Amino acid sequence: MNEKIRVIQYGCGKMGVYFLRYLYEKGAEIVGAIDIDPDLVGKDAGEVAGLDVKLNVPISSDAEKVFAECDADVCVIATQSLMPDVYDAFELAASHGVDAISTCEEAFYPWTTSSLITNKLDRLAKENCCTLMGSGYQDVFWGHLITTLAGASHTINKIQGISSYNVEDYGIALAEVHGAGLTLKEFDEQIAKSDSLPSFMWNAAEWLCAYFGWTITSIEQELIPTTHDEDIESSTLGKTIPAGDATGMNAVVTVKTSQGPIVVTECIGQVYAEGETDRNDWTIEGEPDTIVTISQPATVELTCATVVNRIPQLINAPAGYYTTDKLGPPEYRTYPLHFYL
């Protein structure tokens, strides 16, 4: 492909500013930008991204109009974290025959947690010869990093992972999904007792089992509120979280398989207190035992770079809803993205 890849950025908030810059610096042509934030609507995408040049692409709240007016190849969706919330964006892209890739954590492997939605999108994408997928931080640090390490194992009895991140870095949608700012009673009623909110590690654990060919016999999830003994200010929520209220959520997912290995994953998303940092620790128990620790990963930047690096593989993948357990790991792009098509 000799022409630049033409991209619509859907969501220009805290993560969108990284996407806009990364896309521009990797040689993509940004042809559309969508956001509903009135503080962003009408601004030039280049200005919002902090670039030295204007892109002459105003951010619009009218997604239908953007797709109708832009001859785009790809849409990057960076809005919310659950499939029902990003369905409209995926559907709009697919109906226009535009490949779409999303940071939505459930989109990483949504075949069981949102089966009706995913199968509907799969059919629509195949009808319009385009590809839809989820990617981001989990694609590498909860997925292909673990499968690569497993390639050096003789036997695996258990895989255990712990990952934490500051919900302040991702916007209000993710903070609310984690129950940040709720009282403990509200957390119990709205988050812990809900069977319609798969934690992000739920989908990652299913992705791992699909990759290894393991048959899941049971999967359980426990959602536990995180708290702090002092008040914490949240700029994302626009309020102070009182001491003892939920600052976020610790989701523990346990998967048992008919082949024997057990997968136990902890996903901790919360408003950080002073001194708290991101972490990503994994252990493969078997012969031999393997432990990997990623100290203070730059989760936001890693998420955005992974998605951008995935774009050539997205375009080259078969039509339909395509999860990345069927692909190799994301690849570093030395040259502009269209060089890899």
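This is a predicted model: local features need pLDDT of at least 70, side-chain atom pairs count only at pLDDT 80 or more; totals for chains, interfaces and linings use all residues.
Me: Is Asn-309 buried or exposed?
Reply: Asn-309 sits in helix 10. Its relative accessible area is 12%, and buried means under 20%. Asn-309 is therefore buried.

Me: Which residues does Asn-309 touch, not counting residues up to four places away in sequence?
Reply: Let's look beyond its own stretch of helix 10. With residues up to four places away set aside, Asn-309 touches Lys-26, Glu-331, Tyr-332 and Arg-333.

Me: How are helix 6 and helix 10 oriented to each other, roughly parallel or roughly perpendicular?
Reply: Helix 6 covers residues 137-150 and helix 10 covers residues 299-316. Their axes come within 6 Å and cross at roughly 100°. An angle of 65 to 115 degrees counts as roughly perpendicular. Helix 6 and helix 10 are therefore roughly perpendicular.

Me: Which residues of helix 10 make the contact with helix 6?
Reply: On the helix 6 side, the contact is made by Tyr-137, Asp-139, Val-140, Phe-141 and His-144. By class, the contact has 4 nonpolar, 4 polar and 2 charged residues. The helix 10 side is made by Thr-299, Leu-302, Thr-303, Thr-306 and Arg-310.

Me: Are helix 4 and helix 5 roughly parallel or roughly perpendicular to each other?
Reply: The axes of helix 4 (residues 83-95) and helix 5 (residues 115-127) come within 10 Å. They cross at roughly 10°, and angles under 35 degrees count as roughly parallel. So helix 4 and helix 5 are roughly parallel.

Me: How many residues are nonpolar in the contact of helix 4 with helix 5?
Reply: Helix 4 brings residues including Met-83, Tyr-87 and Phe-90, while helix 5 brings Ile-117, Leu-121 and Leu-124, among others. The contact also has 2 polar and 2 charged residues. The number of nonpolar residues is 9.

Me: Where does Pro-110 lie, and is Pro-110 buried or exposed?
Reply: Pro-110 lies in the loop between strand 4 and helix 5. Among the residues in contact with Pro-110 are Met-83, Asn-203 and Tyr-321. With a relative accessible area of 0%, Pro-110 is buried.

Me: Which elements give two or more residues to the lining of the largest pocket?
Reply: The largest pocket has a volume of about 850 Å³. Of the 39 residues that line the largest pocket, the closest to its centre are Ala-78, Thr-79, Gln-80, Tyr-170 and Ala-173. The elements giving two or more residues to this lining are helix 4, helix 6, helix 7 and helix 10.

How values were computed: Residues are numbered from 1 along each chain as its sequence is written. Side-chain values use heavy atoms; hydrogens and water are left out. Axes are lines fitted to C-alpha atoms, for helices over the stretch in contact, and angles run from 0 to 180 degrees between N-to-C directions. Helices (H or I, at least four residues) and strands (E, at least two) are DSSP runs, numbered from the N terminus. Angles under 35 degrees count as roughly parallel, over 145 as roughly antiparallel, 65 to 115 as roughly perpendicular and the rest as oblique. Contact means heavy atoms within 4.5 Å. Ala, Val, Leu, Ile, Met, Phe, Trp, Tyr, Cys and Pro count as nonpolar, Asp, Glu, Lys and Arg as charged, and the others, Gly among them, as polar. On a 1 Å grid over the protein atoms alone, a cavity is a set of points where a 1.4 Å probe fits but cannot get out, and a pocket is an open set with protein on both sides within 12 Å along at least five of seven lines; lining residues have an atom within 4 Å of a point. Grid points are joined across faces, edges and corners, and a volume is the space filled by probe spheres set on the points. Buried means under 20% relative accessible area, exposed over 50%, partly exposed in between (1.4 Å probe, protein chains only).
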